[in-house]
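Thanks for coming. I will go through one model this morning, and I will keep to what can be read from the coordinates.

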Amino acid sequence: MSLLSSLRNWARGVFHRSALDSEMEEELRGHLERRADDLERSGLPRAEAERRARVEFGAYQAHLEESRAVLGAGWLDSVFQDLRLSVRRLRKNPGFTLAVLLILALGIGANTAIFTLTYAVLLKSLPVPNPQELVRYTFRSGDMDLSLSGPLYDALRKHETACRDVLAWSGEDFSMEANGEARKVQGALISGNGFRVLQLQPALGRTFTEADDVSAGGPQGYQALLGFAYWKEHYGARPEVLGRPLRVNGTSVTIIGVLPAGFDGLVSGQHADLVLPLAFEEILHGHKSMRLAAGSFWLTLIGRLNPGASLRGAAANLAATEKQVRAEADPQHIYLDRFFSAYRLSVESGRSGRSYFKVLYSRPLLALEVLVTLLLLLCCANTGLLVLAGVSARAREFAVRRALGAPAGRILRQVLSEIGLLAVFGLAGALALGWAGAHLLSAMLAGFGEPPPVDARPGPWVFTFTAALTLVSFLAAGLWPAIRAARIAPLSGIKEGGNFRPPTGTGRWIIPAQVAVSVLLLAAAALMGRSLLRLLLEDSGFRAGHAVLAAVELPNASSSASPPVLYAQQMVEELEHTPGINSAAAMSLLPISPSFSAGHYYSVGRDGAVHSDSTTWPETITPGYFSAMGTRILEGRAFVAADLASEQVCVLSASAARYYFPAEDAVGRYLYSGGANSEEDGKTKPSPENTFRVIGIAEDARFRSLREPAPRMLYILERDNQFSGYFTLVARGPNVAATSAALRDVLRRRLPGTPLPPIFTFDQLVARNLVRERMLTALAGCFAGIALLLTAMGLYGLLARNVVLRTREIGLRRALGAGPRDSVGLVISQALRLVVAGILAGLCIALVTGRLIAAFLYQVSPTDPWTLLAVAVVLLLVALAASSIPAWRAVRVDPMHALRYE
Amino acid sequence: MGDQAQLLPGTLDLLILKAVSLGALHGYGVLLRIEQISRGALRIEQGALYPALYRLVRQGRLKARWGTSDNNRRAKFYELTSAGKKMLRQETDDWGRLAAAIASALRAQPEES
């Protein structure tokens with residue numbers, strides 16, 4: 001207790017306790033002396049007089065204590081006393097202590113973990129002045145959130161009246177050369193007005209102005225800004241970096257400033273270690289510059305509202321000017337129309353910048369928050385039940401203490417201080433658990449070899465949230481048993497000879513409520529599990545179980561000696577000749593990944609009917625593709641090497657074949673690459689390079705995502721260097737490890753001096769595609785498991801106590817001839833009444849609230865009767881299991897033993 | 001000590017106010033004064049006096065100051081504030097009414113039918 005006593009000493013100093021105390025004691029001693037004097041004068045010897053004075057005075061310490069309490073100085077003392085008592089009691093009941101600690105830490109910890117993510121993804125603001133004034137322009141279709149193009153930015157900015165100005169931002173990877181070695185640096189490009197819009201002051205030097213955002217970067221060349229963390233790590237936070245030259249993507253740039261600490265760009269999950277003006281894009285993309293390409297979507301646009309303007313105003317302004325903006329950005333209506341038919345241009349709050357995760361995870365996170373709150377309710381209910389059971393067991397002690405004069409408030413405080421102590425330790429456990437959980441989840445969300453996209457570091461907000469939650473749980477779980485304890489009448493416990501009966505009715509509603517909550521959690525988990533299973537088991541059009549893939553990115557595509565296709569073809573050939581590899585191929589875009597492609601094609605039927613479509617996904621592949629990815633050819637044939645020498649050929653997916661050739665056999669027919677205007681389709685004779693003869697039909701494959709229907713696919717044989725600097729290699733053999741090693745070998749040999757691209761299996765690709773479903777299922781499953789356990793515990797506790805309380809009744813029944821089945825029936829029927837009521841209530845709520853999780857389910861109805869039935873059965877089984885031990889105890893009740901007490 | 005009555009709850013404050021109303025007193029003096037004015041009929045646990053005194057000070061009914069007592073010892077003296085005077089009047093009236101009511105209730109005879 002040295003900590004306690006030192007704390008007390010400190011408190012004494014703070015409250016001027018010593019002065020007050022000595023004054024009080026002086027007064028009380030004065031009283032005793034005067035009394036002793038009087039008694040002595042009446043003839044008693046001095047010693048006897050002093051003794052009598054003390055006796056008459058009563059309990060000196062108690063009165064002193066009470067006097068202190070009156071003056072308000074004693075509360076700290078009594079709190080410490082309560083705490084000391086609590087520590088002693090908790091140490092004497094390790095089972096109770098551990099159970100409550102575990103339950104609280106689990107319940108609050110789960111909430112902390114989810115809230116950490118919710119905060120990072122949904123609530124965190126950009127570290128700029130007045131972030132609530134920021135708006136972001138979105139171009140969205142369902143879960144797809146497209147960036148915007150340069151011409152759209154220019155037109156939008158010109159017509160925007162609700163915002164002071166609009167900035168453009170693009171996250172980029174730069175290749176920084178230092179000491180003859182290239183290093184990948186994550187950074188961004190920003191328009192010249194960007195820092196003015198953000199109102200961000202540099203930590204050092206200056207930021208960009210419009211004069212920096214011009215071709216070639218102005219008379220001094222390109223200027224660059226360093227991120228604060230990068231500056232600290234790589235330049236030791238030395239101010240001399242200003243004016244230093246850097247070589248970035250083969251171009252010299254000059255450092256002119258350092259970004260403020262804490263600012264890490266506008267896109268969550270990306271770092272802003274190096275920031276360059278938007279005009280630097282001409283260096284990054286060379287002759288394929290995207291700045292003026294209306295159909296290249298790469299810019300994140302964020303504006304700052306005028307004083308007094310609202311998000312709604314910005315949306316209205318955008319709706320009013322959209323037509324004009326489109327016309328200015330794409331005067332010939334070549335590029336944008338087909339996107340605007342599927343995507344909607346809108347504005348949303350830009351307070352937290354842009355987050356791909358927000359699009360995908362805002363609703364799942366809210367659903368998780370609901371689930372985890374339910375879990376906490378359960379935990380509180382169970383803690384309350386445990387504490388109440390403890391209070392009942394100590395009813396005699398409380399009754400005696402009350403009879404000896406302890407006020408009710410004192411008992412209340414004693415019980416509360418025990419739970420309070422548990423809550424404080426529970427808080428510590430919850431923080432540790434929540435922190436670990438959040439890290440686990442954010443690691444789960446990370447892509448291949450990428451840093452976690454969500455900042456799961458605990459911050460002051462998360463801590464505040466957890467502390468507040470702990471306080472709420474403490475009150476919810478502790479106040480009600482404490483009040484019960486304080487209400488115990490001073491004598492009742494003694495009178496009944498220790499056979500204290502807890503107030504009946506407790507648990508009558510708690511158990512059904514617990515069961516109902518468990519039903520909800522279990523139903524959510526089961527439904528999510530079922531849809532995940534469906535997604536995994538359904539035919540995706542890929543049977544690539546042992547396939548290993550690599551997303552290759554060629555260094556400096558524009559300047560490398562041989563064109564990318566040569567690299568690709570050489571690598572594929574080398575892989576094909578590696579023993580242990582059965583098939584290998586290269587493809588332009590990685591399937592079931594965020595990449596996405598669409599092109600305009602048309603066919604002309606024998607009857608002259610033209611079928612055109614601009615959502616067909618052209619995928620350029622090498623001949624081994626179909627066998628490597630396990631996509632079956634339904635009709636016709638796959639590519640062979642000889643096809644490279646003949647006219648252009650293609651393979652269509654089944655849905656594409658049905659669309660383009662609804663009434664005839666597609667094999668042997670022709671597909672044409674359409675021009676800018678679909679009105680022109682079929683009116684002119686297409687050139688040979690725009691003509692593809694269909695040689696086969698492949699089964700549909702869910703290229704975009706396992707969650708989405710298969711797009712119309714057009715497979716084209718790679719021949720004219722259609723791979724840009726990016727392509728995906730795939731190799732398949734019986735042994736995944738050997739295949740990965742071979743792939744790594746080939747990449748190292750062919751691309752020396754560049755960092756090894758990420759290598760992953762097809763199963764990992766699937767797992768990444770379904771990470772949202774996996775996370776939801778895993779978490780909901782966890783929560784449901786805990787909920788079942790807690791419910792079983794609560795039910796068991798209640799039934800066990802009831803068996804003890806009704807021992808006499810059961811014994812009497814047995815003595816009167818009832819069999820053991822009757823005793824079991826007594827317990828089970830009580831359990832069933834409670835559980836069935838809970839199950840029914842839970843199912844009703846599940847039916848009503850089902851649509852809340854419908855959005856995350858895949859071809860599973862949120863009110864699926866079989867799932868809900870299974871949930872009900874599981875809960876019944878758990879309830880039976882929980883009541884089996886109390887039932888067994890009821891059977892073992894010895895009638896004679898029980899009746900002897902009468 | 002013989003024929004002494006236990007104090008009813010809540011009456012100690014009233015007695016203290018009454019005792020102090022006759023002149024400033026230290027704690028032990030308050031005790032003696034109560035015994036004196038009740039002619040020794042009321043027994044007070046002496047220690048209980050002090051929490052009551054502090055409470056009354058806290059409530060603003062009494063004020064306390066340190067002074068010197070009879071044989072030159074330091075002592076804390078209590079006297080009534082105006083709020084204390086008002087409370088004394090009020091409580092005295094209430095007590096009178098209550099005592100009268102209880103006395104008359106206890107005198108009542110069962111009605112013969």
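I will take the confidence scores, then chain A, then chain B.

This is a predicted model, in which local features need pLDDT of at least 70 and side-chain atom pairs count only at pLDDT 80 or more, while totals for chains, interfaces and linings use all residues. Residues are numbered from 1 along each chain as its sequence is written, and chains are lettered from A and ligands numbered from 1 in the order in which they are written.

The model has an ipTM of 0.87 and a pTM of 0.72. For chain B the average pLDDT, the predictor's confidence in each residue from 0 to 100, is 81, and 88% of its residues score at least 70.

Now chain A. An automatic or database domain assignment sets the domain bounds: domain 1 is 2–73, domain 2 is 131–351, domain 3 is 358–535 + 771–900, and domain 4 is 547–769. Between the centres of domain 1 and domain 2 of chain A, taken over C-alpha atoms, there are 76 Å.

Next, the cores. By nonpolar core I mean buried Ala, Val, Leu, Ile, Met, Phe, Trp, Tyr and Cys residues joined through C-beta atoms within 7 Å; buried means 20 or more other C-beta atoms within 10 Å of the residue's own, with C-beta atoms placed from the backbone. The largest such core has 178 residues, and A:Val519, A:Leu521 and A:Leu522 have the most contacts inside it. Its largest share, 18 residues, comes from helix H18 of chain A, residues 510–537; helices here are DSSP runs of H or I, at least four residues, and strands are runs of E, at least two, numbered from the N terminus. Domain 3 and domain 4 of chain A each supply at least three residues to this core.

Opposite A:Ala586 stands A:Leu729 in S21(A).

Finally, chain B. Its open sheet has 3 strands in the order S2-S5-S4, with antiparallel pairing. S2 (25–26) and S4 (62–68) of chain B are at the edges with a single partner strand each, so one side of each has no neighbour in the sheet. S4(B) pairs with S5(B), residues 74–80, over 7 bridges, and B:Trp66 has B:Lys76 as its bridge partner in S5(B).

Technical notes
A residue is buried if 20 or more other C-beta atoms lie within 10 Å of its own, exposed if 12 or fewer, and partly exposed in between; C-beta atoms are placed from the backbone. Two strands pair if DSSP finds at least two bridges between them.
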